[in-house]
Amino acid sequence: MDKVGSVIPEIEVRGISKIFDTKEGDVVAIKDMSFSIQGGEFLVIVGASGCGKTTLLDLIAGFTRPNTGQILLQGRDVSGVNPQCGMIFQQYALFPWKTVQENVEFGLKMKRMPKSERKTIGKEFIELVGLKGFENSYPKALSGGMKQRVSIARALANDPKVMLLDEPFAALDAMTRQVLQEQLARIYEKHKKTIIFITHSIDEALLLSSRIIIMTARPGRIAQDIANDLPHPRNASVELSARYTELKREIWDTVQAEVLKSMELEAD
Amino acid sequence: MRGKKSQVTRYAYISVASFVLIMVLWEAFCRLGFIEPIFLPSPSQIFSRALKMYDQGTLFLHVIASTRRVMVGFMVSSLVAIPVGLFLGSSRFFKAIFDPVISLLRPLPSMSWIPISLLWLGISETQKYSIVFMGSFAPSLLYIIESTRNIDPILIRAAENLGATKRDVIKEVILPGAMPQIIAGLKVMLGIAWTCIISAELVAAQEGLGFLIMNAKEYFQTDTIFLGMLLISLTVIIIDVTFRRIEGRLLPWTR
């Protein structure tokens, strides 16, 4: 419908490279990477550990700058930390001295929104992630799964265009992970955010994404870019379907080759 | 629970009993003439000295004088050290500028400031405050800079990602994040502030607990000296306990 919106990609990564100078010399984390994401896509990036997935997310969030190339957010160069890209960290990164309510309201407080308005929106998002009744708890009193829900609510309350999730469920137990995956899928459908989600779980990628990018071993590049055409909702019967197995095998073949390469790299 | 509680009371009884026993033995040794009163006065002598000074109205005069000096000097030093420390802790550039000065000031014991402070400010109240300030400022500052180092950088990133400016980060992340360590540091500094003021009063003062014991020395009033030492000890204990109480309220999330 909105022609301009469909022409300009939400995020455009243009030939970026990122090099870290360490004691052992320069390490090329990402080399000449390009891709673009349309608004409303749920992109999952899969790759072996140390392939530069987190580095890529840091670059998109504006925490670090690429050595070459550029990243455009709705056609504008990302030149610093940008609240339009809400980040969700694997380690939750909640403020321990703030209650659940205060954590969720943080972004709004930074926008200098009046207190009463903040409170209403904060409550709404706490309810959305199913934490009603925990508004006045401190993070210390919450389980890992609850903490990550607070972190999701905190990012959502700030109403970012894009959500960046860096292995958000990796530290959680299998049951909690599944509950949160379903919750995230529902939030995605309801709020129509553009999402970039990093994981090393192929199942998680297949369950959540509309598109999957597989990264190569260091230096990170795109090994494969696959559209995930599995039907919604992605329930147990989808997981048992032939298409699911086919996609999983295809991804696994690529990932396995890259994992082996990265293990050889580490052995050097 | 009950078992644990009754154990605590039991140990408390043991402590009380040991205190009473020491006092009784001390009193007995003095009364039996084993120890000269001029050398070591008995507890009852010290107590009657306290009563006499209370009647004269001079007992709390010295306590109040010293406490006021510590509090003023300590508060000014904290009020300067906390914001400056947070700022230097979050800016490598400015820390590099101030590093040489801080490094030179830090090793100076507070007593070494007494001569110059007397020349600059005379035997005044300001001179007392300045001794407490100089004695506690540099260590406080270093403590606070250090406490900002232990903040998880991911929290700063999270704040920036939610739209926090540099100032927001200091106010919303660095200050509360460093608070537990700042308070622990200030507790140590308060002890140092007491050392500062007692030494300053020993050298030059007309009132205060340091003056009380130094002046009593001139008249061989050993009971007054011991009373003064006891008062110093009690005052510091009371302030320390009060500080602990406040600490819990300032850091509700650590409970």
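Helices (H or I, at least four residues) and strands (E, at least two) are DSSP runs, numbered from the N terminus. By that scheme Pro233(A) lies in the loop between strand 10 (222–227) and helix 8 (236–239) of chain A. The peptide bond from His232(A) to Pro233(A) is cis, with omega near -10°.

## Model and confidence

This is a predicted model: local features need pLDDT of at least 70, side-chain atom pairs count only at pLDDT 80 or more, and totals for chains, interfaces and linings use all residues. Residues are numbered from 1 along each chain as its sequence is written, while chains are lettered from A and ligands numbered from 1 in the order in which they are written.

The predictor assigns the complex an ipTM of 0.87 and a pTM of 0.79. The mean pLDDT of chain B (the predictor's confidence in each residue, from 0 to 100) is 89, and 98% of the residues score at least 70. Among the elements of chain B, the lowest mean, 87, belongs to helix 1 (residues 2–31). The highest, 94, belongs to helix 7 (residues 153–161).

## Domains of chain A

Chain A splits into domain 1 (3–84 + 163–267) and domain 2 (97–159). These bounds come from an automatic or database domain assignment. Taken over C-alpha atoms, the two domain centres are separated by 26 Å.

Contact here means that the C-beta atoms of two residues, placed from the backbone, lie within 7 Å. On that basis 11 residues of domain 1 of chain A are in contact with nine residues of domain 2 of chain A. Helix 6 (residues 174–191) of chain A gives the most to the domain 1 side, with five residues. That side divides into eight nonpolar, three polar and no charged residues. The classes are: Ala, Val, Leu, Ile, Met, Phe, Trp, Tyr, Cys and Pro nonpolar; Asp, Glu, Lys and Arg charged; the others, Gly among them, polar.

The contact between the chains takes 13 residues from chain B and 19 residues from chain A. Helix 7 and helix 8 (166–203) of chain B each supply at least two residues of the chain B side. The largest share, six residues, comes from helix 7 of chain B. The chain B side divides into eight nonpolar, two polar and three charged residues.

A residue is buried if 20 or more other C-beta atoms lie within 10 Å of its own, exposed if 12 or fewer, and partly exposed in between, with C-beta atoms placed from the backbone. Seven of the nine residues of helix 7 of chain B are buried, so this helix is largely enclosed by the rest of the structure. Among them are Leu155(B), Arg157(B) and Glu160(B). Their cover includes helix 2 (53–61) and strand 6 (85–88) of chain A, together with helix 8 of chain B. Gly163(B) follows helix 7 of chain B and has a positive phi, near 100°.

## Helix 4 of chain B

Helix 4 of chain B covers residues 92–105. At 1.5 Å a residue, its 14 residues should span 20 Å, and its end C-alpha atoms are 19 Å apart, which agrees. The expected span is 1.5 Å times one less than the number of residues. Helix 4 of chain B also has a kink of about 45° at Phe98(B), shortly before the proline Pro100(B). The bend at a residue is the angle between axes fitted to the seven residues ending there and the seven starting there. None of the 14 residues is buried, so helix 4 of chain B lies largely in the open.

Pro109(B) sits in the loop between helix 4 and helix 5 (114–121) of chain B. Pro109(B) is partly exposed, with 13 other C-beta atoms within 10 Å. Its C-alpha atom is separated by 18 Å from that of Asp99(B), 10 residues apart along the chain.

## Single residues to check

Asp32(A), in strand 2 (residues 25–37) of chain A, has a phi of about 45°. Asp32(A) is partly exposed, with 15 other C-beta atoms within 10 Å. Phe220(B) has a phi near 55°. Its place is the loop between helix 9 (209–218) and helix 10 (222–250) of chain B. Phe220(B) is exposed, with 10 other C-beta atoms within 10 Å.

Arg69(B) is in helix 3 (residues 59–90) of chain B. Arg69(B) counts as buried, with 28 C-beta neighbours inside 10 Å. Leaving out residues up to four places away in sequence, Arg69(B) touches Lys128(B), Tyr129(B), Val132(B), Ile197(B) and Gly208(B).
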